[in-house]
Amino acid sequence: MDGLIILDSTGRPVIQSNFRNHPSSYPLTHVDAFNDAQTKVQSKSGQGDGSLDPVLYVSATAAPSICCHMEVGGLRIICPASRDVDPLYIFAFMNTFVAILREYVGEVSLHTLKEHFDVVYQLLEEMLDDGIPLTTESNTLRDIVLPPTFFNKILNVTGVSGLSNASPTPFSSPIPWRRANVKHNKNEIYFDITEDLDAMIARNGTLLSAEIWGSIKCEARLSGTPDMALSFTNAKIFSDTSFHSCVRLQRFSKDSTLSFVPPDGNFPLMDYRVSPAAMKKTSALGTGGVGSQIGIEAVPLSLKSTIDISERGGSFTLTLTPRPQAMLRVQALEQVSISVSLGSGTIGANCSLSYASGGQGAGGMRDREKEERASGSWAWEPKEKVQSHFYVPDGVVRCLMESFWPSDVYFPDLAVDDTVNCIGIFSICLDIEGNVYIHATDWERSDIYHNERLIKPDPILDNLNAEAFKQGIPQISVSKAQGKFNHLILKSIKAKKVLEVGTLAGFSGIWMARALPDDGQLVTLEYSDLHAKVAEANFAAAGVGHKVKVIVGKAIDTLPTLTEDGTFDLAFIDADKAGNLNYYTHSKRLVRSGGVIIVDNVVRNGRVSDTTQDDEHINGVRRLLEHMKTDDEVEATTLATVGEKGYDGFMFGVKL
């Protein structure tokens, strides 16, 4: 490589090494090339240099060259190279340089570089000479460049010198990575074993493929020149191993033992990969590794997914449950995070989250106190534009995540990535494309095909939900097909008066109001002032405002105020599911004999019939269905549906 340059967030150079064998314009040419490439990428996609090729070809120099770059702490580190060199070699040095900086100044940022400018410049001069890496061992560097301390700052400010100087003989030790005459009051060494599991899991939970990446990091505080040996119970499963320079490679090749004289302090001892062919029920690390504790074939998390991609957006439901093996054989899974990429055309996302602690342990009893203490977030992050993040609170057995989002892209893509911290760092990457929502795409395609032939384009309804979402209203209205179904039912029974529980933005209300005669009336109940205000504007825009009466308040409070018993032709219930039974009871009182009662969302991706599922939405549906077993006043059935809203259904009843 030719040198190293650090740029601030605006692309201006902050620190650079000495480019002795190149003209003064050489580093600036590469800075301009990087900034131009980043500007082009940002103008095309609105994204940062994460979409920029990490190796850029630069032709604006006397000889063709490359520019390798990486981002850290809001800074950009770039390394030009005009000679024949492997880019991985350059990136290895850049990562080493960043690691050394973190040891010296902590968090790497523009502020810390300015505060410790002299130290950073000294490190750069010692580590890189005319593009050739020199001293990269932390122990040796500390003899040459003193780490910044509060005490040293005081000495510099007061002008006192000579109390704290670099070693006069920094290279006197016969071992390059270890200082001479190291002394500690207490001798100790710690090994931190970290294993990352990258797994691909099918929708039914079957493990399709898995791979373990592991590392062993050490913290040594040993006096003198200790000679260490570390052996493994099953080292044959290691592949793609890499070692610290202190490890004797011949000894490891002979009997798979790590023999080494450790550096003083923190250092990475070994990195390795466990190949798929070698994955068995045990790990090379005995009881110390994740693989040995849970078994490679028993991924510690179960993720059930239902993802529905619609023409302009979609919805998904994720149920995250620790497996019994993981609950019994390792520590509790903590700090689980899930990010869902919703595509560059995403306008936003509405998310709901619930926890359940039952289903595991003695008696499967729920720990209500634990659930109440649980905290987490499952929300749209505008800064990321395409990301939603969720953090599972520690100790919760099951988490249910639901989300709806609109998109400007026709049939957007969706990908889920899970990261799980267990004991050390334990990660799972689930590629669910093709295993989760390929069937949903078929449902969507079917809905679009039929809707294009049976439902005429409508400028009001076609854009209503997306516009409402921009005002903070979730995308949970009925589908186009169900809206048309309600419309046709009202026409078939010649309805004049309709009750709706749950107005939202008025999508379903407009469908029903249009089916009523000019002197008909839709009474719709809405809890949210915002939703009611938006819905009233939409009713007026659709030309049905004179037929609609919006009542604002909790439906459980406003329903008793409706005293026109037996005068409504149809009641459509699509509000919070926990109140289903109460809403149904009042609707039955208000609907005439022969009238219709429809309750939406009573299948909920099949979770209502799944006894392992337990949340207020599902329990609200169950209470209603249990009541219907003994209700002799209404004859009803459930119609399951699949389509743009996924797998769900509604209860259709007729009052006798």
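Is Cys 79 buried or exposed, and what is the relative accessible area of Cys 79? Cys 79 is buried, at a relative accessible area of 0%, where buried means under 20% relative accessible area, exposed over 50% and partly exposed in between (1.4 Å probe, protein chains only).

The model shown is predicted: local features need pLDDT of at least 70, side-chain atom pairs count only at pLDDT 80 or more, and totals for chains, interfaces and linings use all residues. Residues are numbered from 1 along each chain as its sequence is written, and side-chain values use heavy atoms, with hydrogens and water left out.

**Figure 1. Overview of the chain and its confidence.** The chain contains 18 helices and 29 strands; helices (H or I, at least four residues) and strands (E, at least two) are DSSP runs, numbered from the N terminus. Of its 656 residues, 51% are buried. The average pLDDT, the predictor's confidence in each residue from 0 to 100, is 76, and 69% of the residues score at least 70. Among contacts between residues at least 6 apart in sequence, 69% join residues at least 24 apart.

Figure 2. A disulfide is a covalent bond between the sulfur atoms of two cysteines; here the criterion is a pair of cysteine sulfur atoms within 2.5 Å. The whole structure contains zero disulfides. For Cys 79, the nearest cysteine sulfur belongs to Cys 68, 7.0 Å away. Cys 246 is likewise in no disulfide, the nearest cysteine sulfur being that of Cys 218 at 7.8 Å. Cys 246 is buried, with a relative accessible area of 3%.

**Figure 3. Surroundings of Met 1.** Met 1 is placed in the segment before strand S1 (5–7). With 5% relative accessibility, Met 1 counts as buried. Leaving aside neighbours within four places in sequence, its contacts include Cys 79, Pro 80, Tyr 89, Phe 93, Leu 128 and Pro 133.

**Figure 4. Ile 189 in strand S8.** Strand S8 (residues 188–201) holds Ile 189, which counts as partly exposed at 21% relative accessibility. Ile 189 and Arg 221 are 32 residues apart in sequence, with 5.9 Å from C-alpha to C-alpha. Beyond four places in sequence, Ile 189 is in contact with Glu 219, Ala 220, Leu 222 and Met 228.

**Figure 5. Packing of helices H12 and H14.** Helix H12 (residues 459–470) packs against helix H14 (residues 507–515) at an angle of about 160°, with axes 10 Å apart. Axes are lines fitted to C-alpha atoms, for helices over the stretch in contact, and angles run from 0 to 180 degrees between N-to-C directions. H12 is therefore roughly antiparallel to H14; angles under 35 degrees count as roughly parallel, over 145 as roughly antiparallel, 65 to 115 as roughly perpendicular and the rest as oblique. Ile 460, Leu 461, Leu 464 and Asn 465 of H12 meet Phe 507, Ile 510, Trp 511 and Arg 514 of H14.

Methods
Contact means heavy atoms within 4.5 Å.
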